[in-house]
Amino acid sequence: MQGLVVRLTAEATTMARTVLSSPPEQLNFAWKDVFLIRISTVDHQHKRLFEILGRLSHVALTNMSESRRTDIAKVLKNLLEYVLFHFLAEEVFMKRVNYPQFKQHRAIHQAFTSQCLDVQSKFNDSTLDVDGALLGSLYQWLVVH
């Protein structure tokens, strides 16, 4: 698994750089097979994270109605809930297979969880908006993690 993760990260990082150089309205959260790690449960969960981020991007960048903030808040809540579920499942799996970088990967999960909670809190306090830069950061984290 370790070699696969390193290969995936290099390809995914290249793809993330390409995507992040695009204008925010062109961010594409479509799943690509380059992200597969060949562990079906984890791949399914990663696909779901792409779907949620795609929905967040769509609502944030195209919804200009009065319900925009409410709609974004719902998707952010869904994202955070799914991130917590995914991280727990992934960490249980890593422990089961004695993944050698478990502690480092768990620390990455904890940092991202804190970042998501911070984004949600600032958005709810109206001190942050979901924009292309934030969506790009979330995309980059997803493909590189």
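The crossing of α3 and α4 is left-handed, a term used where the near helix is turned anticlockwise from the far one by less than a right angle, with right-handed used for clockwise. By class, the contact of α3 with α4 comprises 14 nonpolar, five polar and six charged residues. Here Ala, Val, Leu, Ile, Met, Phe, Trp, Tyr, Cys and Pro count as nonpolar, Asp, Glu, Lys and Arg as charged, and the others, Gly among them, as polar. The structure is a predicted model, in which local features need pLDDT of at least 70 and side-chain atom pairs count only at pLDDT 80 or more, while totals for chains, interfaces and linings use all residues. Residues are numbered from 1 along each chain as its sequence is written, and side-chain values use heavy atoms, with hydrogens and water left out.

Helices (H or I, at least four residues) and strands (E, at least two) are DSSP runs numbered from the N terminus. Of the 145 residues in the protein chain, 42% are buried; buried denotes under 20% relative accessible area, exposed over 50%, and partly exposed the range in between (1.4 Å probe, protein chains only).

Two packed helices are described by the angle between their axes and the distance between the axes. Helix α3 (residues 68-96) and helix α4 (residues 102-124) pack at an angle of about 170°, their axes lying 10 Å apart. Axes are lines fitted to C-alpha atoms, for helices over the stretch in contact, and angles run from 0 to 180 degrees between N-to-C directions. α3 is therefore roughly antiparallel to α4, given that angles over 145 degrees count as roughly antiparallel, under 35 as roughly parallel, 65 to 115 as roughly perpendicular and the rest as oblique.

The axes of α2 and α3 come within 9 Å and cross at roughly 165°, so α2 and α3 are also roughly antiparallel to each other. This crossing of α2 and α3 is left-handed. The contact of α2 with α3 has 15 nonpolar, four polar and five charged residues.

Rings of Phe, Tyr and Trp (its six-membered ring) pair if their centres lie within 6.5 Å; planes under 30 degrees apart count as stacked, over 60 as edge-to-face and the rest as tilted. By this rule there are nine aromatic pairs. One of them, Phe-50 with Tyr-139, is edge-to-face, at 6.1 Å centre to centre and 90° between the planes. Phe-50 lies in helix α2 (residues 40-62) and Tyr-139 in helix α5 (residues 132-144), so the pair ties together parts that are 89 residues apart in sequence. Both Phe-50 and Tyr-139 are buried. Ring pairs join Phe-50 and Tyr-139 with Phe-29, Trp-31 and Phe-35 in a cluster.

Charges also sit over rings, a term applied if NZ of Lys or CZ of Arg is within 6 Å of the ring centre and within 35 degrees of the ring normal. The charged end of Arg-69 is placed over the ring of Phe-123, 3.9 Å from its centre. Arg-48 lies over the face of Tyr-82, at 5.8 Å from the ring centre.

Most residues other than glycine have a negative phi. Arg-38, in the loop between α1 (2-20) and α2, has a positive phi near 70° and is exposed, with a relative accessible area of 62%. Asn-98, in the loop between α3 and α4, has a positive phi of about 55° and is exposed at 63% relative accessibility.
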